[in-house]
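Trainee: I have a model open and want to learn how to read it. Where do I begin?

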Amino acid sequence: MNDHNKPTGPKGPMAGAMQGATPHKRKSSLNRETQIKIGSQLQITYNEVVNQGVPDRFVQLLRRLETESIEDVAGAHSGEFAGAKESPDDKGS
Amino acid sequence: MSSPNPSVSEAMLRAVPSLRAFAISLCGNVDRADDLVQETLLRAWANLNSFEPGTNMSAWLFTILRNLFRSEYRKRRREVADGDGSYAETLKTQPEQASRVEFEEFRTALAKLPQDQREALVLVGASGFSYEEAAGICGCAVGTIKSRVNRARTRLAELMSIESIDDFGPDRELKAVLSGGGGSNG
């Protein structure tokens, strides 16, 4: 807590990725460099998760859904967000 | 009960990685995000008849996920407060040390955005949805999405430029250590 670590690593692949990422086209008065930074950091943050692929639990879940009844599968998997069997929340019209 | 349909489950599986990324940006917590994705898949499967074939499966799933999160969020608003540092714990793999401080700053700033703005920014800026698709997912007008995205970018830029002013003090690294638990590298 009283010590602070200086970031000592060399510029890694991330540095290159940040420069290489394509920013969104902008016309606002925001600092361009900041915009590029925001756009690429947002994408890198997001893609860190995307690149983890599909965790096995979801493969198993869909496999079960293909072969068993939804009631059985949902019953076995009721998690934090359970209660999914009320009215469907589709396109919030 | 829905009839088994491999192509539907394939399409759902293909959407899982980006659903997770979106869910994490909403919850700030991997475990809750994965539960949210799971509930999304279950609910989608149970309501396949409300999916219009030929439309965007991914957008449909995002809509369900967002609605689930919203209804859950209303129930437990206090716990969801997504303060500094929770993003740091969400990701097992950290960027290189040199850029890590910047990423922590970015994630902290992102977590500070109002939820409406954050989701609009993520949908358009990272998930790759058009403004129209994002408006469909969020159930609002296209113009609303555009203004939320713009406000999100402006706010992030403010937060980040304020933080970069601290570059010539120790605060920057200290803050990263505090928020990222990064004092134990090596």
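Trainee: What ipTM and pTM does the predictor give the complex?

Mentor: Bear in mind that this is a predicted model. The predictor assigns the complex an ipTM of 0.74 and a pTM of 0.69.

Trainee: What is the mean pLDDT of chain B?

Mentor: pLDDT is the predictor's confidence in each residue. For chain B the mean is 80, and 70% of its residues reach 70 or more.

Trainee: Which elements of chain B have the lowest and the highest mean pLDDT?

Mentor: Helix H5 (residues 86–90) of chain B is the lowest, with a mean of 49. Helix H8 (residues 131–138) of chain B is the highest, at 97. Look at two further stretches of chain B. Over residues 166–170, pLDDT stays under 50, and the model has 4 contacts beyond four places in sequence for them. Over residues 181–186 of chain B, pLDDT also stays under 50, with 10 such contacts.

Trainee: Now chain A. How many helices and strands does chain A have?

Mentor: Chain A has 4 helices and 0 strands. Its pattern along the sequence reads α-α-α-α. Of its 93 residues, 20% count as buried.

Trainee: How far apart are the end C-alpha atoms of helix H3 of chain A?

Mentor: Compare the span with the residue count. Helix H3 (residues 56–67) of chain A has 12 residues, so at 1.5 Å a residue it should span 16 Å. Its end C-alpha atoms are 17 Å apart, which agrees.

Trainee: Which residues of H3(A) are buried, and which are exposed on the other side?

Mentor: The buried ones include A:Phe58, A:Leu61, A:Leu62 and A:Leu65. They cover an arc of only 90° around the axis, so they sit on the same side of H3(A). On the other side of H3(A), A:Asp56, A:Gln60 and A:Thr67 are exposed.

Trainee: Which residues have the most contacts inside the largest nonpolar core?

Mentor: First, the general idea. In soluble globular proteins, nonpolar side chains tend to be buried together. Here the largest nonpolar core has 58 residues, and B:Ala23 and B:Leu65 have the most contacts inside it. Helix H1 (residues 6–27) of chain B gives the most to this core, with 11 residues.

Trainee: Where does this core lie?

Mentor: Domain 1 (1–80) and domain 2 (92–186) of chain B both give residues to this core, so it lies between them.

Trainee: Which residues does B:Leu65 touch?

Mentor: Leave out residues up to four places away in sequence. B:Leu65 then touches B:Leu19, B:Phe22, B:Ala23, B:Leu36, B:Val37 and B:Thr40.

Note on methods
Residues are numbered from 1 along each chain as its sequence is written. Chains are lettered from A and ligands numbered from 1 in the order in which they are written. Helices (H or I, at least four residues) and strands (E, at least two) are DSSP runs, numbered from the N terminus. A residue is buried if 20 or more other C-beta atoms lie within 10 Å of its own, exposed if 12 or fewer, and partly exposed in between; C-beta atoms are placed from the backbone. The expected span of a helix is 1.5 Å times one less than its number of residues. The arc is that of the directions from the helix axis to the C-beta atoms. pLDDT is the predictor's confidence in each residue, from 0 to 100. Two residues are in contact if their C-beta atoms, placed from the backbone, lie within 7 Å. A nonpolar core is a set of buried Ala, Val, Leu, Ile, Met, Phe, Trp, Tyr and Cys residues joined through C-beta atoms within 7 Å. Domain bounds come from an automatic or database domain assignment.
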